[in-house]
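Please read this briefing alongside the sequence and the 3D view. It is arranged by topic.

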Amino acid sequence: MSDKTATLNVDGSSLELPVLPGSVGPEVVDIRKMYGQTGKFTYDPGFTSTASCQSAITYIDGGEGILLHRGYPIDQLAEKANFLEVAYLLLHGDLPKQEELDEFTQTITYHTMVHEQLAQFFRGFRRDAHPMAVMTGVVGALSAFYHDSTDITDPQQRLIASHRLIAKMPTIAAMAYKYSVGQPFVYPQNDLSYTGNFLRMTFSVPAEPYEVNPVIERAMDRIFILHADHEQNASTSTVRLAGSSGANPFACIAAGIACLWGPAHGGANEAALNMLREIGDEKNVKAYVDRAKDKNDPFRLMGFGHRVYKNYDPRAKVMQQTAEEVLKELNISDPVLDVARQLEQIALNDDYFIEKKLYPNVDFYSGIILNAIGFPTEMFTALFALARTTGWVAQWNEMISDPEQKIGRPRQLYVGATQRDYVPVGER
Ligand code: CMC
């Protein structure tokens, strides 16, 4: 702990505020005593300058384009680890030894089935419901099925709920897909890998044999790794905020899913592919880039720009490489990939994008891969939710165990009417 302070001068008096160092990255000015001593709040819409918690899970240096999980660079994890290894790392803080990984894999594998009654629950949705609407409802409903893991004061129950959530998300996402296409639900098959199992539950039908393609399995696993956590983004902050009131983990993750659904967050992968399809041909790229630059046009290049990365998103690099691999394996020549490459080249050399530091983000290439594998665009954000559940539960557990955490309660700058007297309706 350093004894460095920052001085705040306000209304003629000065206040010393502690400056706290992290292990790496910007220091923070601790303003917790500020309101008590000055009667003033800070104002920071969108929390662009506010650290809401201490965390030891994920570190991002947006300027340099660095993403570390528990210290390990994302590109090393994407290349060398599998998703469950990364899930263990996020949850427990260190990479598992072989016996630990085997035990964790076994535990997750044996939680993959969902309560049979949940199948009835699915049948209450319209067939054309968006999978994220279904996921929000079904994951929230898990708290009505797993009463024995909702006591958040019991670390063992918290661990079981975390395992259940990580294990059941692929089953629920696959069920959401099957329901939308009118095919029977496929039960998990526990001798497959986490990702192979998900692919089988999604794409197999009882009438046909199904073999998991190892290249697609590896690509999908890598996509899950790339989405596993991303520090205090909107949905993670939503999970933490919901959890800060003591809500049960299933309800908190459902809140995270609802937040992730928005097009500025997890919904961007769907929006990016739709945009690339709309552009359709390399010759139209320049017109869309011009639209994105036009102040009077609300159009933005989806899959471009990031609140934190002011450099190439390190996940986008791995994603681009994975897109090339998957299209090659499936022998697909998708004109959308050519449009994406061209769009990236034009934007990266354009003054507007250079000045504003707008680079491709994780969502720019992911839609092309998921489309090639066979997922409809509506499923893209559901896959993001599946993978991000690991980060959400890790962050939720960290929050619950942090003695400094309180119920989240932001304040406001009130700009409404001052006190006035009620006027009866006929006299207004
Ligand atoms: N295309 C064109 N202009 C853009 C874009 C874009 N994609 N993104 C930002 N800008 C401009 C924006 O108009 C603004 O210009 P000005 O300063 O002249 O008003 C400036 O860049 C800063 O934009 P901002 O909205 O203040 O930046 P932000 O940090 O609040 O927004 C963002 C970050 C991701 C919401 C935004 O870049 C965006 O809307 N991108 C498109 C959606 C997208 O791809 N989202 C996925 C994010 S990565 C996955 C995830 O974490 O969920």
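The points below cover the ligand site, the strands and the salt bridges. The model is predicted. The ligand is surrounded by 19 residues. The structure holds 16 salt bridges.

**Ligand site**

- Among the 19 residues around the ligand, the closest are His265, Lys295, Arg300, Leu301 and Gly303.
- The shell divides into eight nonpolar, six polar and five charged residues.
- Arg300 places a side-chain N or O atom 2.8 Å from an oxygen atom of the ligand.
- Lys356 has a polar side-chain atom 2.9 Å from a ligand oxygen atom.
- Leu301 uses its backbone: a polar atom there lies 2.7 Å from a nitrogen atom of the ligand.
- The protein buries 74% of the 940 Å² that the ligand exposes when taken alone.

**Strands**

- Strand E1 (residues 5-10) and strand E2 (residues 13-20) run antiparallel, joined by six bridges.
- Leu8 has Leu15 in E2 as its bridge partner.
- E1 and E2 make a hairpin with two residues between them. Asp11, in the turn, has a positive phi of about 50°.
- Strand E5 (residues 66-69) is joined to E6 by two bridges. His69 has Tyr72 in E6 as its bridge partner.

- Side chains of opposite charge can pair when their charged atoms come close.
- Glu27 pairs with Lys4, with the closest N and O atoms 2.8 Å apart. This pair links distant parts of the chain, 23 residues apart: Glu27 is in the loop between E2 and strand E3 (28-29), and Lys4 is in the segment before E1.
- Glu27 is partly exposed at 40% relative accessible area, and Lys4 is partly exposed at 44%.
- Arg218 pairs with Asp221, with the closest N and O atoms 3.6 Å apart. Both lie in helix H9 (residues 214-226), three residues apart, about one turn of the helix.
- Which of these two partners is buried? Asp221 is, because its relative accessibility of 8% is under 20%. Arg218, at 26%, counts as partly exposed.
- Asp290 pairs with Lys293, with the closest N and O atoms 4.0 Å apart. Both lie in helix H13 (residues 285-293), three residues apart.
- Asp290 is partly exposed at 33%, and Lys293 is partly exposed at 30%. Salt bridges with shared partners join Lys286, Asp290, Lys293 and Asp350 into one network.

Technical notes: Residues are numbered from 1 along each chain as its sequence is written. This is a predicted model: local features need pLDDT of at least 70, side-chain atom pairs count only at pLDDT 80 or more; totals for chains, interfaces and linings use all residues. Side-chain values use heavy atoms; hydrogens and water are left out. Two strands pair if DSSP finds at least two bridges between them. Helices (H or I, at least four residues) and strands (E, at least two) are DSSP runs, numbered from the N terminus. A residue is near a molecule or strand if one of its heavy atoms lies within 4 Å of it. A polar contact is a pair of N or O atoms within 3.5 Å; within protein, one must be able to donate a hydrogen and the other to accept it, and residues adjacent in sequence count only if both atoms are side-chain atoms. Accessible areas come from the Shrake-Rupley method with a 1.4 Å probe; for residues, only the protein chains shown count as cover. Ala, Val, Leu, Ile, Met, Phe, Trp, Tyr, Cys and Pro count as nonpolar, Asp, Glu, Lys and Arg as charged, and the others, Gly among them, as polar. A salt bridge is a side-chain nitrogen of Lys or Arg within 4 Å of a carboxyl oxygen of Asp or Glu. Buried means under 20% relative accessible area, exposed over 50%, partly exposed in between (1.4 Å probe, protein chains only).
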